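Morning, everyone. I'll take confidence, then the core, then the charged pairs.

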Amino acid sequence: MKKIKSILPFIMKQLYTIALTGMAYLLIVTGCKQEQNCTLNVHLTGDPGDFQEVNVEIKEVWVKVFKENTGWFLLKTNKHVYNLARLQQGKDTILATGVVPQSEIKEIRLVLGEKNSVRTKGSNYPLSIAREAEAGLRIQTRVPLVGAQDRLTIDFDAAASISE
């Protein structure tokens, strides 16, 4: 019987070590690997330049972040024709919102509709998109996302963006 009594504390010590190792592994795998997400609100403001109206139909807003194994994130977009003349002098509107990994925004893509136009000197003119932008207007950027909620404002400068 003495041999069994001396082995029992050894077995209990081994089981205790295995249990502690397993718990430590679970803490490392689940606790340290949890991704932090950010609710991103994308706003739109603009400068119509010399135009009376600049109407831009935005159908989708996509965001790409600097994070391994992530692609594009489609945000919940307020599909609408936005008149930039109404979004100037400190006014803006919420364009899209969504949850993305807390990282740094690498690129934004605005998918436009076909209801784009300008009004100048009382006349309306349709706006066409350059062929390379048919999949969406791409904006390269490096904006860090900090905290559980963040805001990004796109300032559309019509004078710099629209040409005849």
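**Confidence, core and salt bridges**

This is a predicted model. Mean pLDDT for the protein chain is 78, with 75% of its residues at 70 or more.

On to the core. Which residues touch the most other members of the largest nonpolar core? The core has 28 residues, and the answer is Leu40, Val42, Leu44, Ile58, Val61, Leu75 and Leu95. At least two core residues come from each of β1 (37-47), β2, β5 (93-101), β6 (104-112) and β10 (149-157). Strand β2 gives the most, with six residues.

Take Leu95. Setting aside neighbours within four places in sequence, Leu95 contacts a list that includes Val42, Leu44, Ile58 and Val61. Also among its contacts are His43, Lys76, Tyr82, Leu110 and Ile154.

Stay with β2, which spans residues 53-65 and holds Asn55. Buried or exposed, this Asn55? Buried, because its relative accessibility is 11% and the cut-off is under 20%. The Asn55 side chain makes a polar contact with the side chain of Glu53, at 3.0 Å. Beyond four places in sequence, Asn55 touches Val81, Tyr82, Asn83, Lys115, Asn116, Ser117 and Leu127.

Now the charges. How many salt bridges does a search of the whole structure find? Three.

One is Asp92 with Arg151, where the closest N and O atoms are 2.1 Å apart. Asp92 is in the loop between β4 (80-83) and β5, and Arg151 is in β10, so this pair ties together parts 59 residues apart in sequence. Asp92 is partly exposed at 30% relative accessible area. Arg151 is partly exposed too, at 43%.

Next, Arg142 and Glu104, with closest N and O atoms 2.9 Å apart. Arg142 is in strand β9 (residues 137-144) and Glu104 in strand β6, 38 residues apart. Arg142 counts as exposed, at 58% relative accessibility.

Last pair: Arg138 and Glu107, closest N and O atoms 3.4 Å apart. Arg138 is in β9 and Glu107 in β6, so parts 31 residues apart in sequence are tied together. Arg138 is partly exposed at 48% relative accessibility, whereas Glu107 is buried at 6%.

That's the tour. Over to you.

Conventions: Residues numbered from 1 in each chain as written. Predicted model: local features only at pLDDT ≥ 70, side-chain atom pairs only at ≥ 80, totals over all residues. Heavy atoms only, no water. Helix = DSSP H or I, 4+ residues; strand = E, 2+ residues; numbered from the N terminus. Buried < 20%, exposed > 50% of the residue type's maximum accessible area, 1.4 Å probe, protein only. Polar contact = N/O pair within 3.5 Å; in protein donor to acceptor, adjacent residues only side chain to side chain. Contact = heavy atoms within 4.5 Å. Core = buried A, V, L, I, M, F, W, Y, C linked by side-chain atoms within 4.5 Å. pLDDT = per-residue confidence, 0-100. Salt bridge = Lys/Arg side-chain N within 4 Å of Asp/Glu carboxyl O.
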